[in-house]
Amino acid sequence: MTTVTLRFDDKTKQELDEMVDEMGMNLTTFFMIYAKRALRDRRIPFDITAPADPFFSEENQAHLRRSEQQFQTGRVVVKTLEELEAMENG
């Protein structure tokens with residue numbers, strides 16, 4: 001048998017203790033069930049996701065399509081960096 005130590009902030013620990021108590025178990029039983037499920041399914045038993053990259057949002061993709069169409073039809077203005085800086089400084 002091995003002992004594993006976990007660190008939680010006080011509020012999370014209290015809330016988790018209360019939740020698993022309502023389920024009729026303690027934290028050791030909770031984590032044992034979690035570990036066995038993960039091993040049985042060979043996956044984390046819930047989805048972990050990251051926020052979507054805004055570059056690939058439908059709104060941005062539509063903007064890129066419009067820009068590409070403008071470029072293809074010659075509706076572009078070409079300025080050097082110096083010209084843009086001069087425009088900004090008035």
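Is D17 buried, partly exposed or exposed? D17 is partly exposed, with a relative accessible area of 28%. This residue opens the series of close-up views below, each of which is taken from a predicted model.

**Figure 1. The salt bridge between D17 and K13 in helix α1.** The side chains of D17 and K13 meet in a salt bridge, with a distance of 2.4 Å from N to O. Both residues belong to helix α1, which covers residues 10–22. Because they stand four residues apart in this helix, about one helical turn separates them. K13 is partly exposed, at a relative accessible area of 35%, and D17 is likewise partly exposed, at 28%. The structure holds six salt bridges, and the pair shown here is one that the side chains of D17 and K13 form.

**Figure 2. The salt bridge between D41 and R37 in helix α2.** Here the side chains of D41 and R37 meet, and the N to O distance of their salt bridge is 2.6 Å. Helix α2 runs over residues 27–41 and contains both partners. They are four residues apart, about one turn of the helix. D41 counts as partly exposed, at 28% relative accessibility. R37 is partly exposed as well, with a relative accessible area of 39%. The view also takes in R40, for R37, R40 and D41 are linked in a network of salt bridges.

**Figure 3. The salt bridge between D47 and R43.** The side chains of D47 and R43 are joined by a salt bridge of 3.6 Å, N to O. How exposed is D47? At 66% relative accessibility, D47 counts as exposed.

**Figure 4. R42 and its positive phi.** R42 lies in the loop between α2 and α3, the latter helix covering residues 58–72. The phi angle of R42 is near 60°, a positive value in a residue other than glycine. Most residues other than glycine have a negative phi. R42 counts as exposed, at 68% relative accessibility.

**Figure 5. N26 in the loop between α1 and α2.** N26 is placed in the loop between helices α1 and α2. This residue counts as partly exposed, with a relative accessibility of 42%. N26 and L39 are 13 residues apart along the chain, and their C-alpha atoms are separated by 20 Å.

**Figure 6. E22 in helix α1, shown with R75.** E22 lies in helix α1. At 70% relative accessibility, E22 counts as exposed. Which distance separates the C-alpha atoms of E22 and R75? The separation is 65 Å, for two residues that are 53 residues apart along the chain.

**Figure 7. A negative surface patch that includes E88.** The residues E82, E83, E85 and E88 form a negative surface patch. Among them, E88 has its place in helix α4, which covers residues 81–88. E88 counts as exposed, at 67% relative accessibility. In the protein as a whole there are 12 positive and 17 negative side chains. The centres of these two sets lie 9 Å apart.

**Figure 8. The whole chain, as the setting for the close-up views.** The protein has four helices and zero strands. From the N terminus on, its elements run α-α-α-α. The radius of gyration is 27 Å, well over the 12 Å that the globule rule gives for 90 residues, so the protein is more spread out than a compact globule. Along the principal axes, the C-alpha atoms fill a box of roughly 70 × 35 × 25 Å. What share of the 90 residues counts as buried? The buried share is 6%. The accessible surface of the protein comes to about 8,700 Å², and 55% of this area belongs to carbon and sulfur atoms.

Technical notes
Residues are numbered from 1 along each chain as its sequence is written. This is a predicted model: local features need pLDDT of at least 70, side-chain atom pairs count only at pLDDT 80 or more; totals for chains, interfaces and linings use all residues. Side-chain values use heavy atoms; hydrogens and water are left out. A salt bridge is a side-chain nitrogen of Lys or Arg within 4 Å of a carboxyl oxygen of Asp or Glu. Helices (H or I, at least four residues) and strands (E, at least two) are DSSP runs, numbered from the N terminus. Buried means under 20% relative accessible area, exposed over 50%, partly exposed in between (1.4 Å probe, protein chains only). The radius of gyration is taken over C-alpha atoms; the globule rule is 2.2 Å times the number of residues to the power 0.38. Accessible areas come from the Shrake-Rupley method with a 1.4 Å probe; for residues, only the protein chains shown count as cover. Lys and Arg count as positive and Asp and Glu as negative; His and the chain ends are not counted. The place of a charge is taken as NZ of Lys, CZ of Arg, CG of Asp or CD of Glu. Patches are made of residues with over 30% relative accessible area and no salt bridge: like charges are joined within 9 Å, nonpolar side chains (Val, Leu, Ile, Met, Phe, Trp, Tyr) within 5 Å.
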